[in-house]
Amino acid sequence: KLYLSSPLPRSTARLALEVQGLNERRSRLGSAHGYALANLTVSALRLSRSVSLSASVYNLFNRGYSDPLSNDLVDQGIDQAVREGREFRLALDWAF
């Protein structure tokens, strides 16, 4: 895992890049291939004294990947959760 964060010029916001990598993992019916994902976040955009906003893009390069599941689901023929596509997330924080 790699995490880089830097303040944005003339702002209270920060830009962060996170890269996560996983090796190939075995499941009972096969294996889940290894992968690397990048996530990008702009955080702490102050909207007022008590309200801030952050925005993130997860799976920045839109890679498909899968994760092994528990053995309880193997009897149903499911041993991996396929995850596809990029995700966008917004968070609004209100301090009181």
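Predicted model: local features only at pLDDT ≥ 70, side-chain atom pairs only at ≥ 80, totals over all residues.
Reader: OK, what's the average pLDDT of the chain?

Author: It averages 86, and 93% of the residues score at least 70. pLDDT is the predictor's confidence in each residue, from 0 to 100.

Reader: And where is confidence lowest, and where highest?

Author: Lowest in strand β4 (residues 30-32), at a mean of 76, and highest in strand β1 (residues 2-7), at 96. Strands (E, at least two residues) and helices (H or I, at least four) are DSSP runs, numbered from the N terminus.

Reader: Back to Ser-66. Which strand is it in, and what does it touch?

Author: Ser-66 sits in strand β7 (residues 65-68). Leaving out residues up to four places away in sequence, it touches Arg-25, Ala-32, Tyr-35, Gln-80, Ala-81, Val-82 and Arg-83. A contact is heavy atoms within 4.5 Å.

Reader: Tyr-35, then: buried or exposed?

Author: Tyr-35 is buried, at a relative accessible area of 10%. It belongs to strand β5 (residues 35-46), and its contacts beyond four places in sequence include Leu-22, Arg-25, Arg-63 and Ser-66.

Reader: How far apart are the C-alpha atoms of Tyr-35 and Arg-63?

Author: 8.5 Å, with the two residues 28 apart along the chain.

Reader: Switching topic: how many salt bridges does the structure hold?

Author: Two. A salt bridge is a side-chain nitrogen of Lys or Arg within 4 Å of a carboxyl oxygen of Asp or Glu. In one, Lys-1 pairs with Glu-18, the closest N and O atoms being 3.2 Å apart. Lys-1 is in the segment before β1 and Glu-18 in strand β2 (residues 14-22), so this pair ties together parts that are 17 residues apart in sequence.

Reader: Is Lys-1 buried or exposed, and what about Glu-18?

Author: Lys-1 is exposed, at 77% relative accessible area, whereas Glu-18 counts as buried, at 16%.

Reader: Which residue pairs with Glu-87?

Author: Arg-89, with the closest N and O atoms 2.7 Å apart. Glu-87 is partly exposed at 38%, and Arg-89 is partly exposed at 43%.

Methods:
Residues numbered from 1 in each chain as written. Heavy atoms only, no water. Buried < 20%, exposed > 50% of the residue type's maximum accessible area, 1.4 Å probe, protein only.
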